[in-house]
Every structure is written in C-alpha cells, then in structure tokens.
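Morning, everyone. Please have a look at the model on the screen, and then I'll walk you through two of its chains and what they touch.

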Amino acid sequence: MELIANFPFFSIILCLFSAVICSVLRGRGAKICTVVAESVLAILSFATLWYVHLLEKPVTFMMGHFPAPWGNEIRFGTLEAVMATVFSLILLCAVLGGSKFVNRDIFPQKINLYYVLINLLGAALMALIYTNDIFTGYVFLEILTLTSGGILMIREIGRTTLAATRYMILNLLGSGLFLLGIILMYDITGHLLMANMHASLKVLIAHGSYSLPLTVIVGVMCVGLAIKSGLFPFHSWMPDTYGFATPTSASILSGLVSKGYIFLLVKIMYRVIGIDQEILSVARNILFVFGLCGIVFGSVFALQQNNINRMTSYSSVAQIGYIYMGIGIGGTAGFAAAMFHILAHAITKPALFLANASLIEVSDDSPVFHDLSGAAHRNKTAGVFFTIAAMSMVGIPFFAGFTSKLLFSMASLGHNPAKTGLVLVILAISTILNTLYFIRTVIRIYTKRKGDLPRKFSMRAELPGWIAGVSLAAMNLFLGLNSRPVIELIEKGLLRFQ
Amino acid sequence: MRNLINNYEEVFAIVLFGIGFVTLLFHQNLIKKIIGLNIMDTGLYLFLASMGYIYGGDAPIYAENAGFYINPVPAGLVLTGIVVSVSVTAIMLSLSVRLYKRYGTLNLDEIYLEARNKINER
Amino acid sequence: MKIKTKIKEFVEQSREWTESFSDMSEKRDLPRERVRREEHMVDRLMEEKAGHMGLLKWRRLYLVLATVCAVTLIVVLLTTVAMLPVFGEHHEYMDTVAQYYIDHALEETGAMNIVAGMILDYRAFDTLGESFVLFTALNCVLILLRRDFQEEYRLHDYYDLTRDPILRRVGMVVIPCVVSFGVYVMLNGHLSPGGGFSGGAIFGAGLIFLSLAFGDDFAARLVSEKLFKGVAAVALGFYCLAKGYSFFTGANHLESGISLGTPGSIFSSGLILPLNVAVGFVVTLTMYGIYRMFRRGSFK
C-alpha cells in the first residue's frame, strides 16, 4: 500500500498529537503549533484527494492488524477527501482570522486550552468524515460535541455560559438518541462496521422482519442528528450560541460542526441503511418538510433581528434548511446539491462571522444595526469581505451560493412535480427574504455617518485576518466560477459512496 | 406482551431512559436536568449491557473450567459510554457552578430572564 | 406593591452579586455606570413582568408538547423492545463477530481478558477517542473553573476536613491500600477484570481521598501543576504514538515487532499493558484535576 493511503489516518493522529503538545505550550506557541498542524492537515487532505481522484475508487484502510468485521477501519473516496480538504482549509482560515479576537476575548492563561480544543475538534471532524464504523462515529461525535461546547464556553461572559449550557443540553439529548439508535441497530444486526451492518440489514429487510425497530432506528438517528445540526424545530440554541461566541468559535460552529453531523447522517443513510430503502424515503420526506420550514422561518426571523450577529445566525438556520431540503429531494443530484451547499455555506458563513466581528469592533463593540452605520467606511476591508459573503448568501451569479441554488432547482426537476413546485417556490421566497435582510445590512454599513474615517490598524495584528478573508473570498469565487470539477468530484464520490 | 416479560431487563432500561428523558424535559433546575441526562444515559448503558448477556454464561475472561462466555462487545461499548457520560457530567456541573456564580440561581427560566435584562452584555 | 418590594430586593441582591463575583465584563464597570444600570434594570423589570407572562404561556405549550413527546417515545420504544431478540439467549448474530473475539482473542492479542483485548487491540481506535474524550472534559473543566491567575482570586473557606482525626487515621491506613489496589488493577488489566479505566478511577479516588484527609496543600505539593501537565501529556502522547505505530504497521501489513509473550504472565499481550498504564494515568489525572478545579479552581 502506498504511503499516501495512510494520509487520512495520519491527519487524525496529527491533530490528536498536536492537541497534546498544545496542552503544555503557552498561548502563542500553542497558536503557532495549531496553525502548523492545520496547514499540514490541509496538505494531507489535498494529497488524499489527489490520490483517490487518480485511483478512481474508494480506499478502505484497516485501523490495526485485524480486517473488516473484527477491527476498525476508515474509508475514503473523493467525496470524503473534498470535504476534508475544504474543512481543514476553513479551520485554518477561522483560526487565523479570529486570532485577534481570541486574544481579546479569552484570558491569556487559557489561550492554549482554546487551541487544544481546536485541534481536538479538527481530529473529531476528520474522524467523522473518514470513519467506516458507526461506534467510532459516536465516540468522535461526542468529542465534537464537547469540544464545540468548550470553544463556546471559553468566552467568560454570562450569556455565553448560558448559551453553552443550552447548547450542551440539547446536543447531549441528541447524542443520547443517536446512541439509542446505534444500540438498537447492534441488537438486530450484531455488527458495528457500516458495511457489515448494511449487509445484515439488507437480509433483514428482505425477510421483512424487524420493520418497527428499523423505523425507530431511522427515526431516532435522524432526530438526534437533526437536533445536533440545528434543523428547524430544534434551532433554538443557534442564535445565542453563534451570537455570543468568540468569532473563531462562531465560524467553526456554524461552518463546520453542524456540517460534520449532517455528513455523518448522509453517510449513515448511504452506507448503513441503503439509500434506496423504503423506510428512508419517508424519513427523507419528513426532513424535507422541516428543511423547507427552516428556510422560511429562519429567513423571517433573520429579517426581524436588530443585531448583526443574530441575523447571521438565523440565516444559518435557513441554510441548514437548504441542506436538509437537498437531502429530501434525494437522488444523486439532490445529495450532490446538498453536499455542494455544505461546502458553499461552510466557506461563506465563517467569512461573514469574521467580517461581522471586525465591523463590530469599529462600532464601539455594539452589534446593533443602529451603531453599525458606516462601519464599512471605518474598516474598509471588513466591509468588502462582508459584501462578498453576503452576495454569495443571496445567490448572486459568480458566487458559490448561486451555484448551489442552481443545483437545488436542477435537482428538484424531473422528480415528483409537487416537490419541484415546492422547492422552486421556497427558493424564490427565500432568495427574496435573503436579499432583503442582506441588502439592508450592506446599505447600513455603507451609510456614512458624520466623521467616519478609515481607522488605522497595525499591519501586524490585521494581516492574519486579511489572509483569512482573502482566502475565504477566493474559495468562494472559485466555487462559484469553477464549480464544474467540484460537482463532478462530489457526484463521483456519491456514486461510489455506498 | 410475553416478549415484554421475557425482555424484562431491556424494559427496565427503557423505563429508566424514559424517567431520565422526562426529568430532562420537565425540570427547569439545571442540576435536575443533569441528573436526568445521567439517568437517561444509564438506562442506555443498561440496555446495551443487557443485550450481551446469556443465561449461564461466564464473564469474558479466559478460565480453565469455563463453559461458554457472554458477548464481550457490549461490555466494551458500555465502558466507552460510561467514560463519555462521566466527562459530560463534569462539564455540565462546572457550567452550572459558573452559572450559579453569575446569576445566583440554577433555574434556567430565571437565568434566561435575568440574562435578557443585563444591559452590558450583548 | 408586592412587585416593587420584590424588585428592590432583587436590586439589592444583584448589587451584592456584582460586587462579589468577578466576571470580565463587570471588572471594567465604573460605579456610576453601575447605578445607571440598576435604575435601568428596575424599568426593565417592570417590562419584564409582561415578558414573564408570555414565557408562562409558552411554558404551558411546551409542557403539553413535552408530555406528548415523552409518552410517544416511551410507548414506541417499549413496543420496539417487545420485538427485539429475547433477553438472555444465544443469538445468531453473535456468531460472526463476538464469537470470533471469544475464540481468537487469546492467540491474536495475548490478553486473558477478552474485553481488554477487544477495546485495546481489535477496536483500539474507539478507545483512543475515548481517552481523548476525557482529555477534552479535563480541558473544558479547566477552562470553566480555573481561577488562580485572577487578581481577585482567593481561597474559599471550605469546611476543612483535615482537622478530623478519624479521617486522618483512616486515611493513613486506607489510602495506601486504595492506591496500590488501583495500580494492581491497572497492571492486571489484560489478565483479570479491570484495566486502565477502572484502575485509574480507583487510583484517582485514592488521590482525592488523600487531598481530603491531609489537606489540599499537601496534595498540591505532591502533585504540582508541572507534574500534572507533564504526566498527562506524556501518557496521552505515548498512547497516541503507540497506537499510531500499531495502526500503521497493521494497515500496511508490516510486522509490528512486538511479541505477545506467554499468555497469563504479567508481561504479555504486547502493547496492551503499557496502553493500560497510559490510560490509567490519564484517567487518574483527569479525576484528580476535575476534583481540584471544583474544590479550589487551582492546582495550588
């Protein structure tokens, strides 16, 4: 086996190890260690992508000396590699872009702990993306939950602690339900590896036995992961969580963590249950309805907000709705659209949160719209980054958001006509609402107040933020202008996902 | 119904799970919520452990005169689960310590109302 | 009228809190600012009464929904349980994986304890994640409760158990037993029930007992912060690298070069013994560290 096939496994171990190292370093050293680790992670993921793209088939990698039904294993194809590459790049951008605010929001003595958690979060994300074993998925899902709670609660103001408490309670309920699903699944199949589980489930379904337990399994798993990723009726933790976290945490939580859960759900749908099963189509229809509700309500709530961070958070509710809508549309096209939207949103939202933080910083630390007037004149670069990200969110051509909306509408055609109609109508409504609240914000930040002059920033403090902003914007434009190869990679990956 | 009696241990586990779930949903006191979460998790672990048991089986440790062993897989999984639940409890309890220091109460409703009133915090 | 007195009480109380609790946001406040905030708070409280009524209405709806949810979930789950394989019987599904572990664990991993062989060799990736769950928890608790670098940090006057003669005497006898039992369980994880997790928990309980009976200062001298961090990092780093090596050799079909030894002797079963020790240290330090954070918010 080539050395390059080990890279996914190296990337997980690398993150874990650099977390251990960060725990004995001081703040600055920990940051440098994290940045180096994430850069190496990005390179490793990209190499993996290159490798599986050339190999043209997914690779199964044994974790240990024992083959499939007995030992653990990880499995990666193009889809996983694309996700890992983009996620690691975004992790790097979020760490770089928010480092100024991390120094502001967190006690200097605790900064190294923050980077420990970031590294662990990276490891958990990678493990969730690559794993082929459902119980490993559960363990790393818990690490993801705890670390994401940790990077949230590290900002020591009361409301953040409260937000973290609510976040943790809901998330733990979600993991409890997910674990229940795993237990039931183990009870009827006797396997924990996804491929073997799938094989025995197939036999069970063919025999028609255990139909109710199977429905319950699908139900609790979907509900558990929907709670964790913040699908519409369970979105109540989102605005506080994203609104009060330090910008790096907000970007990571909104951009990556919820996407990790959704990716795991898609993986379970494909690999464990089998995408063409009857039970799954019911579950997918329910997810579809809630996704549509999420889009509408998220946008409406976002329109009502008076606070830029909360507005962005509610827009996340809507975007999660889009992803579930894609899952609900079904078919390779629908799932590919959902996956593409995961990427597009994961690139756009961190840019928005980082730009928000810079805009708020020059407006007397007030996130209220009234105080934000003219913020883009005071900090020009942040204004530009915000506008680019907002355009992508609204769905202006040449940006990633437009491509994903196009993909959604294309995917909805040719299936059920009722679904097509619903998707198109909801897309139109949500585009209008998105435009309304983002245009309002952009106008607001460009409305000059008296005496607004560009602030002077020290080059040294701003440079990482600019690098992050430019690379996020570049990735956004790349996905918008040059989406064809990415979509092909995703579709190829989905076809070989099972 | 006969199956329910046969599966009595799993039934108890589900009842425990239900008790935990209800405690989690209906109490606004943070400590009670944490207790609820713990009971819920414990119910799940009992469920998991009970599915590996076989009447008359020995613990899965090699011995000279052992007949047959019970299923070792759930034991390992329960171990993982317990570790997770310990970690979760520690984190939740320290969160409640901080919330109590900040707001002087553990009732989530009161904390929420109070937090909305704080002017300096956004 | 009643509301007004309540509000006054509340304002008094909140003043006390603002004085006694040190949060970052409050440190910067000027006294005048605080008065203004309190006045504002009274106004807001009057408004809040309306909000509270609204919340009550939502609560009723929530209660109804929660009841429906809980009842449905429990009924559905009970029905599911009735359809599951019967408790306490040998099931077909055991034959593939579980039976394989039972039949082959001794020769393939060298561990007498099948569960230890399973979690540290067959399914070692899960266990690696599991010890990092503990590490995460430790870090989160440190984040939330560590206080000793703040200026206002002072030790609270906890009830000091060290004056209790019974506890000290009992401690002198019991603590060595507990600690050595913990070490025993840790070292014999591959031969008998136990292993790193349970041994570490026992060891950690011994350390906690020590710091209860002989005072936190004594325990802090025994386990300083440097030692704590160093041992935790070394144990986790070793775990990470050892498992990394084992995964790497396993996946690439290389010989790992670690002999399994004679089954049943203490130095056997390859990596399982050192891994158990590493896990044991991680668990011990996590338990002790969490205890210290809750007790004092400091390692000192």
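Start with chain C: of its 300 residues, 37% are buried. Buried means that 20 or more other C-beta atoms lie within 10 Å of the residue's own; 12 or fewer is exposed, anything in between is partly exposed, and the C-beta atoms are placed from the backbone.

Quick housekeeping. This is a predicted model, where local features need pLDDT of at least 70 and side-chain atom pairs count only at pLDDT 80 or more, while totals for chains, interfaces and linings use all residues. Residues are numbered from 1 along each chain as its sequence is written, and chains are lettered from A and ligands numbered from 1 in the order in which they are written.

Back to chain C. It has 11 helices and 0 strands. Helices here are DSSP runs of H or I with at least four residues, strands are runs of E with at least two, and both are numbered from the N terminus.

Now contacts. Two residues are in contact if their C-beta atoms, placed from the backbone, lie within 7 Å. Take the contacts in chain C between residues at least 6 apart in sequence: 74% join residues at least 24 apart. In chain B, the corresponding figure is 48%.

What about the makeup of chain B? It has 5 helices and 0 strands. Its radius of gyration is 20 Å, well over the 14 Å that the globule rule gives for 122 residues, so chain B is more spread out than a compact globule. That radius is taken over C-alpha atoms, and the rule is 2.2 Å times the number of residues to the power 0.38. The C-alpha trace of chain B spans about 70 × 35 × 20 Å along its principal axes. Buried residues are 48% of chain B.

Next, the interfaces. How many residues of chain B are in contact with chain C? The count is 48, against 57 residues of chain C. On the chain B side, α4(B) brings the largest share, 17 residues. That side divides into 28 nonpolar, 13 polar and 7 charged residues. Nonpolar covers Ala, Val, Leu, Ile, Met, Phe, Trp, Tyr, Cys and Pro; charged covers Asp, Glu, Lys and Arg; the others, Gly among them, are polar.

Chain C also meets chain A: 44 residues of chain C are in contact with 51 of chain A. On the chain C side, α6(C) gives the most, 14 residues. By class, that side has 26 nonpolar, 12 polar and 6 charged residues.
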